[in-house]
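Reader: I'm new to this one. Can you walk me through it?
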Amino acid sequence: MSSNAPAEPRRTALDALHRSLGATMTDFAGWDMPLRYGSERDEHNAVRTKAGLFDLSHMGEITVTGPEAAQLLNFALVGDIASVGVGRARYTMICREDGGILDDLIVYRLAETEAGSSHYMVVANASNAQVVLDALTERSAGYDAEVRDDRDAYALIAVQGPESPGILASLTDADLDGLKYYAGLPGTVAGVPALIARTGYTGEDGFELFVRPEHAVELWQALTKAGEGVGLVPCGLSCRDTLRLEAGMPLYGHELSTELTPFDAGLGRVVKFAKEGDFVGRAALEAAAERAASNPPRVLVGLVAEGRRVPRAGYPVVADGQVIGEVTSGAPSPTLGKPIAMAYVDAAHSAPGTAGVGVDIRGSHEPYEVVALPFYKRQK
């Protein structure tokens, strides 16, 4: 074997189970992950109307602890992490000094000791977990805090969809009614110790369960059994992508990148200039905020096809024969019944209803309607 041969993909604790269910597997960010088990459209619709079960064990968990954990995270990330209460979570980003987005993250504040030491869990995207770990480690210099790679300490199972609260409630005594959106609490699910989080990436209500890898199979099987009567199905990464696209949620490497600041992505709200102290990228982000306020270069919009052809990432968006933007994500939308896309377009063409906008699909200009994001919002 030469040393530059590709590394074997990593396998989650549920790998054998996915294969026994007949999953189509794919390499995703160096992990062998289920793409779909049967029909991705059926999986998507199950999450919208009933419930779906996902293996998300490829996500990157990083634990940050110590008396100055909050100050470190306030310096390293763009959000005000010190203000997050115990048992709550925050969507945030980590940026480079030039303001470019290294990753978008969810940070959970898990505990606070009487001695004043805080315990946080940072959850990074699989493709960026090492980059985030390295950046946090480097930025921790001078802080009384420890950054620990906990990727192998957790399996992550999500149950998403309108039936998910009932399914989970049948397996736990935890107070799910008191668990708000973007909160996390320790509990026991089907006899397994878990961090129960009410977050999601589908546009539906749902829960993410962080457990030890050796407990993953029994938890998956218990959830499957609990959901049998209400239409729960196993779901792969393919429908996760169409679900998050309909919900207008960004995916790193598509809507977010080091070329863009949070303000370019329309997510400037995650940057908290008012927090105490300096943070990495502050000066560049203050400049980006001013640019965005006065003269936004391009704006992230939704596009809905008038025809049947599906746009893909990288396809040019056109108007009056000119390229005015680029598609970042595109797919057939099972909920809308037609192809949809997210795209960055010139501000002049970004208003919902703008006429004459199309996508260049292999030389053919297909008409698209500009719409406000998200494409889909669940009825609370």
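Author: Start with a definition: two strands pair if DSSP finds at least two bridges between them. Keep in mind that this is a predicted model.

Reader: OK. How many bridges join S15 to S18?
Author: Seven, and the two strands run antiparallel. S15 covers residues 298-305.

Reader: How many residues of S18 are buried?
Author: Seven of the nine, so S18 is largely enclosed by the rest of the structure.

Reader: What does UniProt list for residues 298-377?
Author: An unreviewed entry gives "domain: Aminomethyltransferase C-terminal". Over that stretch the chain is 57% strand and 0% helix.

Reader: Switching to helix H4. Which residues are buried there?
Author: Ala129, Val132, Leu133, Ala135, Leu136 and Arg139. They sit on the same side of H4, because they cover an arc of only 165° around the axis.

Reader: What do they pack against?
Author: Several elements, including helix H3 and strands S5 and S6.

Reader: How many residues are in the largest nonpolar core?
Author: It has 44. Among those with the most contacts inside it are Phe54, Tyr91 and Tyr108. S6 gives the most to this core, with four residues. Another core, of 27 residues, lies apart from it and includes Tyr37 and Leu168.

Reader: What does Tyr108 touch?
Author: Its contacts include His119, Met121, Glu208 and Phe210.

Notes:
Residues are numbered from 1 along each chain as its sequence is written. This is a predicted model: local features need pLDDT of at least 70, side-chain atom pairs count only at pLDDT 80 or more; totals for chains, interfaces and linings use all residues. Side-chain values use heavy atoms; hydrogens and water are left out. UniProt positions are given in the numbering used here, feature names are shortened, and annotations may be inferred rather than shown by experiment. Buried means under 20% relative accessible area, exposed over 50%, partly exposed in between (1.4 Å probe, protein chains only). The arc is that of the directions from the helix axis to the C-beta atoms. Contact means heavy atoms within 4.5 Å. A nonpolar core is a set of buried Ala, Val, Leu, Ile, Met, Phe, Trp, Tyr and Cys residues joined through side-chain atoms within 4.5 Å. Lists of a residue's contacts leave out its neighbours within four places in sequence.
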